[in-house]
Amino acid sequence: MSLELVLSVIGGLVAVATFVYTSVRGVAEYRRQGAQKRFEHYLEIGNRMWGDPNVKRINDLLEPSQDPEMSAKKKTGLREVPFAHKREYLSYHEEVALMMNSGLLSKHLAHFMCGYNALLCYRTGHDPFWNNVNKESPWWGIFRDFVLELEKLERSGKVLPRHLKDYDF
C-alpha cells in the first residue's frame with residue numbers, strides 16, 4: 001500500500017467519525033431542546049392553572065370532606081360556581097389532555113399534574129359540579145376521554161412510577 005492510499009483511508013475515517021460524532025451531538029441537542037420546550041409549556045400551563053383563583057376554588061370545593069356539614073357547604077359552593085369558571089377549569093384539563101395525546105407529556109406526568117382533580121371533578125356526578133354544564137356534550141369529549149385514560153392508568157396500578165425517569169419530558 002502506498003502512503004497516499006493510507007492517508008486517504010485515514011482521512012476518510014476521520015471524516016466519517018467526525019460526521020457520526022456531529023450527527024449524534026446534533027440529535028442529542030435537538031432532543032434536549034425539545035424536552036426543554038415541553039417542560040416550559042408544562043410550567044406555563046401549571047402556573048396558569050394553579051395560579052387561577054377560580055381553579056383553586058373549584059379544587060378546594062371538589063376535595064372530599066369527612067364532615068357532613070362541610071361536605072354540604074362544598075356541594076352548595078360547587079353548584080354556585082358560574083358556568084364560565086367551570087368551562088375554564090375543564091379547558092385547562094383538556095389542554096393537558098391534548099399535550100398528553102400529542103406525546104408532549106407522558107400519561108404519568110399528566111396524571112401527576114392534574115389527574116387527581118380531573119377525576120374528582122368527573123366523579124361528582126350530575127350534581128353539584130355538572131349542574132350547569134352538560135357532561136355528555138361533545139364539547140367535553142376531550143375531558144371525558146382524558147378521565148377515562150386516567151382511570152385506566154389507575155386500574156393498571158402504575159399511577160405512580162417507581163422511577164423518576166418515567167416522568168420524563
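Of the contacts in the chain with a separation of 6 or more, 72% are between residues 24 or more positions apart; contact here means heavy atoms within 4.5 Å. The model is a predicted one, in which local features need pLDDT of at least 70 and side-chain atom pairs count only at pLDDT 80 or more, while totals for chains, interfaces and linings use all residues. Residues are numbered from 1 along each chain as its sequence is written, and side-chain values use heavy atoms, with hydrogens and water left out.

The chain contains six helices and zero strands, and its elements, read from the N terminus, follow the order α-α-α-α-α-α. Helices (H or I, at least four residues) and strands (E, at least two) are DSSP runs, numbered from the N terminus. The radius of gyration of the chain is 25 Å, whereas a compact globule of 169 residues would have a value near 15 Å. That radius is taken over C-alpha atoms, and the globule rule is 2.2 Å times the number of residues to the power 0.38. Along the principal axes, the C-alpha atoms occupy a box of roughly 95 × 30 × 30 Å.

The accessible surface of the chain amounts to about 10900 Å², and carbon and sulfur atoms supply 60% of that surface. Accessible areas come from the Shrake-Rupley method with a 1.4 Å probe, and for residues only the protein chains shown count as cover. Among the 169 residues, 34% count as buried. Buried means under 20% relative accessible area, exposed over 50%, and partly exposed in between (1.4 Å probe, protein chains only).

Helix α1 covers residues 3-51 and includes Val 6. Val 6 counts as partly exposed because its relative accessibility is 30%. Together with Leu 3, Leu 7, Ile 10 and Val 14, Val 6 forms a nonpolar patch on the surface, with about 460 Å² of accessible area in total. Patches are made of residues with over 30% relative accessible area and no salt bridge; like charges are joined within 9 Å, and nonpolar side chains (Val, Leu, Ile, Met, Phe, Trp, Tyr) within 5 Å. Gly 51 also lies in helix α1. At 49% relative accessibility, Gly 51 is classed as partly exposed. When residues up to four places away in sequence are not counted, Gly 51 touches Gly 46 and Lys 56.

The text now turns to charged pairs. Side chains of opposite charge can pair when their charged atoms come close. A salt bridge is a side-chain nitrogen of Lys or Arg within 4 Å of a carboxyl oxygen of Asp or Glu, and by this rule the count is seven. One of them joins the side chains of Glu 44 and Arg 48 at 3.8 Å, N to O. Because Glu 44 and Arg 48 are four residues apart in helix α1, about one helical turn separates them. Glu 44 is partly exposed at 41% relative accessibility, and Arg 48 is likewise partly exposed, with a relative accessible area of 33%.

In helix α3 (residues 68-80), Lys 73 and Glu 69 are also four residues apart, about one turn of the helix. Their side chains meet in a salt bridge of 3.8 Å, N to O, and both Lys 73 and Glu 69 are exposed.

A further salt bridge brings together the side chains of Glu 149 and Lys 107 at 2.6 Å, N to O. This pair links distant parts of the chain, with Glu 149 in helix α6 and Lys 107 in helix α5, 42 residues apart. Lys 107 is partly exposed, its relative accessible area being 40%. Elsewhere, salt bridges that share partners join Glu 44, Arg 48 and Glu 95 into one network.

Helix α6 (residues 141-155) has 15 residues and, at 1.5 Å a residue, should span 21 Å; its end C-alpha atoms are 21 Å apart, so the two values agree. The expected span of a helix is 1.5 Å times one less than its number of residues. Buried residues in α6 are Gly 141, Phe 143, Arg 144, Phe 146, Val 147, Leu 150, Glu 151 and Leu 153. Their cover includes α4 (83-101) and α5 (107-122). Glu 149, also in α6, touches Met 100 and Lys 107, not counting residues up to four places away in sequence. Glu 149 and Ala 97 are 52 residues apart in sequence, yet 9.4 Å apart in space, C-alpha to C-alpha. After α6 comes Gly 157, whose phi is positive, near 80°.
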